[in-house]
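Here is a short report for a reader who is new to this structure. Take a look at the chain first, then read on.

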Amino acid sequence: MSLLDLSFRHKIPLWGSFLVIVTALAVSVTLMVQTYAELEEDLVIDTGTLARALTPQLFQAILRDDVWKGYEVVRTAFRDKDSPELAEKAENIIVIDNGLRVFVAALPMAARMQTLLPDLGPDYAVVAAQLKGDASDATSIISVPGSSHLYFHTPIAEERAKLGTLLVVIHKGTVLPRFLDIARYGVVAGTAILCILLPFNWYWGRRMAEPLVQLTQRMKEVGRQLPEKLDPTLYTHGDELGSLFEAYNKMLVELREKDELEKQVVHSDRLAALGQLAAGVAHEINNPLGGMLMAIDTLKSQTVTDARTAKTIALLERGLDQIKETVGALLVEAKLKSRNLSEGDIEDVLLLVLPQVHKKGLHLDWHNDVSGDINLPATLVRQVLINLLLNATHAAEAQGQVACHVHMDDGVLRIVVTNDGRLLSAEQMSHLFEPFSPLSEEGHGLGLWVSYQIAQQLGGSITASCKDGRMQFSVELPIRGAST
């Protein structure tokens with residue numbers, strides 16, 4: 001695996017640290033080179049100042065061939081206590097005539113008079129070659145490759161009459177200590193800056209990479225399951241990365257809504273198919289059932305003296321009546337004519353379920369905020385409410401609690417029934433509204449299915465959920481003709 005394949009949490013800090021170090025080194029090297037060049041320039045300026053002070057006197061000494069005067073001038077300058085820096089840096093001051101012969105030198109033993117400049121050594125031979133082709137009238141520097149000295153030369157001339165050259169020899173080592181002092185301060189300052197920038201770069205790199213890493217991990221899960229939302233406090237800025245976070249969370253919300261909608265569609269289709277199947281079975285049962293009930297009526301109309309026969313007929317009649325009630329429950333039809341729902345219809349339901357509530361010693365929290373007539377079929381709404389309350393009463397623990405709230409909100413009748421009985425799992429709740437549900441411990445398990453069918457046929461909905469440790473059933477029925 002190459003460096004480019006590393007995680008952003010490592011790659012961003014590493015690349016940032018590399019760039020910081022390279023930048024610091026580049027800036028440091030550039031500053032050191034510039035500093036060294038400035039030190040050399042200072043030497044040129046100092047030497048030029050010295051040359052301007054000496055050349056008038058040396059011009060007269062060469063013109064008069066006054067060797068002692070020339071020696072006195074350069075020797076005095078070489079030992080000048082008023083210019084200690086130059087005295088420390090200069091190794092020799094040599095005056096050369098136009099024939100490149102030594103006229104005088106501050107140190108005669110190092111450069112004897114009348115000696116040709118190339119004869120003083122290899123460095124001087126290079127200097128002599130450059131002086132031959134140099135027509136400049138200003139102080140300049142000659143740097144011989146591989147040499148440990150610098151050679152500053154200034155023409156000795158007046159009114160374009162050149163009589164010689166003033167040559168100041170300076171050892172490079174005199175520049176190095178000052179350069180090293182400056183470089184040492186630069187290294188300390190650069191190290192201090194790196195100690196600040198590197199941790200900051202590492203922190204900020206990880207700070208930017210961590211959200212991207214988490215986003216990548218979440219996106220990998222999208223195909224298999226719906227991942228969790230990203231923590232909004234993980235990255236709170238409004239830049240492109242923040243916009244990416246916002247788009248991801250928005251996409252996740254839409255995916256969850258789509259998944260929930262698909263589940264509802266599948267659930268509704270399954271219940272509709274079961275309803276059609278149940279209704280078809282009920283219609284098929286009704287025909288022979290009617291014949292059997294008619295036969296029972298015929299037998300009852302005859303005089304039956306045998307007690308056992310009469311008991312058998314009564315037993316058959318009760319069994320067939322129960323089958324008739326069950327079949328009737330399967331044939332839910334919301335189009336039957338019924339009067340509008342009123343406040344009294346809802347209060348009647350309370351009277352009907354109170355005996356069951358008192359029998360188990362339950363506490364019933366009842367709130368009915370409906371007043372006047374509501375454009376909903378009273379019979380069907382009462383049936384839904386009775387079914388939900390009886391189921392809640394049966395599911396609640398002894399001495400437990402049941403709550404029922406009925407109110408209108410924005411043209412919708414809302415019924416909320418809760419109980420503190422056993423909570424159902426998500427898998428159990430997915431089969432809760434199916435006919436003959438195995439979750440029904442009493443009765444035939446059609447109450448919730450009938451309630452679901454009524455809610456659907458009235459254009460509403462019924463849902464079950466676990467809230468605050470209780471089972472809650474919520475019904476929403478749009479009121480016909482109401483403006484929302």
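## A helix crossing

α9 passes α11 in a left-handed crossing. The model is a predicted one. In general, two packed helices are described by the angle between their axes and the distance between those axes. For α9 and α11, the angle is about 145 degrees, and the axes lie 9 Å apart.

Which residues meet where these two helices pack? From α9 come L380, Q383, V384, N387, L388 and N391. From α11 come G447, L448, V450, S451 and I454.

α9 covers residues 378-395 and lies across β7, β9, β10 (412-419), β11 and β12 (470-478). Its direction is at about 15 degrees to β10. α11, residues 447-457, lies across β11 and β12. α11 runs at about 125 degrees to β11.

These strands belong to an open sheet of 5 strands, in the order β7-β9-β10-β12-β11, with mixed pairing. The edges are β7 (363-368) and β11 (461-467), and each of them pairs on one side only. From one strand to the next, the twist averages 15 degrees.

How do β7 and β9 pair? They run in the parallel sense, over 6 bridges. β9 spans residues 401-409.

## A helix with a buried face

Elsewhere in the chain sits helix α4, residues 122-132. Its buried residues are Y124, V127, A128 and L131. Seen down the axis of α4, these buried residues fall within an arc of 105 degrees, so they line one face of the helix. An α-helix has 3.6 residues a turn, so residues three or four places apart point the same way.

P122 and A129 are exposed, on the other side of α4. What covers the buried residues? The cover includes the strands β1 (90-97), β3 (140-143), β4 (149-158) and β5 (161-171).

## The chain as a whole

Now the wider view. The chain has 11 helices and 12 strands. Of its 484 residues, 35% are buried. The chain exposes about 28,500 Å². Carbon and sulfur atoms supply 58% of that area.

How much of the contact count comes from residues 24 or more positions apart? Among contacts with a separation of 6 or more, such residues account for 63%.

Terms used:
Residues numbered from 1 in each chain as written. Predicted model: local features only at pLDDT ≥ 70, side-chain atom pairs only at ≥ 80, totals over all residues. Heavy atoms only, no water. Helix = DSSP H or I, 4+ residues; strand = E, 2+ residues; numbered from the N terminus. Buried < 20%, exposed > 50% of the residue type's maximum accessible area, 1.4 Å probe, protein only. Contact = heavy atoms within 4.5 Å. Areas by Shrake-Rupley, 256 points an atom, 1.4 Å probe, with all protein chains shown as cover. Arc of directions from axis to C-beta. Pairing = 2+ DSSP bridges. Axes fitted to C-alpha atoms, helices over the stretch in contact; angles between N-to-C directions. Left-handed = near helix turned anticlockwise from the far one by under 90°.
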